[in-house]
Amino acid sequence: NTEVFERFGHNALWFHDNRTGEDIAYHWGLFGFNEPGFIWRFLTGDTNYSMGPTNPLALIEYERRAGRPITLSRLNLTPPQAQSLRDYVRWNEQPANVHYRYDYFADNCSTRLRDAIDHSLGGALHRAFPDTATSMSYRRESVRLTDGDPPIQAGIDIALGRPADVPITDWQSFFIPMRLRDGLRHATIPDGTGAMVPIVAEEHAVPLYGPPNVVERAQSPRLAPRFLLLGLLMAALVVGLRIMAVSRRGAAWGLALFGAAHSLLSGLIGVILLLAWFATRHQFWARNENVLLLTPLSLALVILIPAAVLRWRAEAPTRILAALIAGMGIVAGLLAVLPGGQESRAVVALILPTHLALAWALKGRVVQRRDVGAA
């Protein structure tokens, strides 16, 4: 199975010197799950990743056996440029510089490698890519690369806030190693005489042992239609249980349990989103309008729905709160379709139908008999 972070690719700088016999690769974004406090630092955004050397042939063999497509690109650097790159990596390898606060979008394995090359070229690489916004965003790129894994896509779409929806430039898109590879294919830089030459001298694809483990999708998929189907199915379940609950006590129990479970999950996710926004350093988890749809207020319905449905208690507060939560979801939906709004249509399509169905189901007394809870 492919880990989520592996879907975003990886890259490394391979230094081979025929004169000295040096043959070593350096890569960034290194971490260990067993490091003390790793999970807490990851959750709070206080990530402490590093860079380091590795055996290039061993790294290639590892990636081949994992079924990941591998491209070897030889850079067309002058001797001074190559030496500058080597010096930069050696400086970065020093204990005082080897660790950094990792960010999946703004400061990862690929952006560090990109910046190292740009440093050795005196900024020529960055100048080759104008700061013009593309049609992609960090959210769209993340959804694209995780296609085929709907739970992961849903989790990413829920967790990311408005900052992840700002259109990114080609330069920013190089946080994805495959985007950097493709960008370098078409970039030109000045050589020792000032003439513009391709930065990639030659390129070679390493054959795999079998079919690739993950196929990279070219375009970002539209999640809203996919998630809307699931959202409508859950809403239909609520409506069906509500209709049957008039005469069937089992349906009343089903409605109470499903409503409580939906509210528990929505409320817990809402708490997590608020903590991610205000209590962590994750800049792309902030200003998340999904808290209107997945609100901590839903936690109150975990108790209120069973009480109202099964015991005729707190019916008015339950009805009001369910309507309020549905109304907040409608606001989230309106914000999602406004120009420049957060790209949360898929989350709205997944959650809002159930909110609306529960608000409808709870607007009146569900059952007319008091023996719902009887054996």
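Predicted model: local features only at pLDDT ≥ 70, side-chain atom pairs only at ≥ 80, totals over all residues.
1. Overall form. The chain is built from 14 helices and eight strands, and its C-alpha atoms fill a box of roughly 90 × 40 × 40 Å along the principal axes. The radius of gyration of the chain is 26 Å, whereas a compact globule of 375 residues would have a value near 21 Å. Of the 375 residues, 46% count as buried. Among the contacts in the chain with a separation of 6 or more, 76% are accounted for by residues 24 or more positions apart.

2. The largest nonpolar core. This core holds 31 residues, and those that touch the most other members are Leu 13, Trp 28, Ile 117, Leu 125 and Ile 199. At least two residues of the core come from each of strand E1 (13–16), strand E2 (23–30), strand E3 (49–54), H3, helix H4 (109–120), helix H5 (124–127) and helix H9 (177–185). H4 supplies four residues, which is the largest share. Once neighbours within four places in sequence are left aside, Ile 117 is in contact with Leu 13, Leu 75, Leu 85, Leu 125 and Ile 199.

3. Aromatic pairs. The structure holds 18 aromatic pairs. One of them joins Tyr 88 and Trp 91, whose rings are tilted, with 5.6 Å centre to centre and 40° between the planes. These two residues are separated by about one helical turn, because they are three residues apart in helix H3 (residues 79–93). Tyr 88 has a relative accessible area of 18% and is therefore buried, the cut-off being under 20%, while Trp 91, at 42% relative accessibility, counts as partly exposed.

4. A stacked pair. Trp 277 and Phe 278 form an aromatic pair with 4.8 Å centre to centre and 10° between the planes, and this pair is stacked. The angle is under 30 degrees, which is why the pair falls into that class. Trp 277 counts as partly exposed at 28% relative accessibility, whereas Phe 278 counts as exposed at 61%.

5. A ring cluster and charges over rings. Ring pairs link Phe 31, Phe 38, Phe 42, Tyr 49, Tyr 100, Tyr 102 and Tyr 104 into a cluster. Tyr 100, one of the residues in this cluster, also has the charged end of Arg 112 over its ring, 3.8 Å from the ring centre. The charged end of Arg 64 sits over the ring of Tyr 209, at 4.1 Å from the centre of that ring.

6. Arg 68. Where in the chain does Arg 68 lie? Arg 68 is placed in the loop between helix H2 (56–65) and strand E4 (70–75). With a relative accessible area of 17%, Arg 68 is buried, and a polar contact of 2.8 Å joins its side chain to that of Glu 6. Leaving aside neighbours within four places in sequence, the residues in contact with Arg 68 are Glu 6, Tyr 62, Glu 63 and Leu 208.

Key:
Residues numbered from 1 in each chain as written. Heavy atoms only, no water. Phe/Tyr/Trp six-rings, centres within 6.5 Å; stacked < 30°, edge-to-face > 60°. Buried < 20%, exposed > 50% of the residue type's maximum accessible area, 1.4 Å probe, protein only. Lys NZ or Arg CZ within 6 Å of the ring centre and 35° of its normal. Polar contact = N/O pair within 3.5 Å; in protein donor to acceptor, adjacent residues only side chain to side chain. Contact = heavy atoms within 4.5 Å. Core = buried A, V, L, I, M, F, W, Y, C linked by side-chain atoms within 4.5 Å. Rg over C-alpha atoms; globule rule 2.2 N^0.38 Å.
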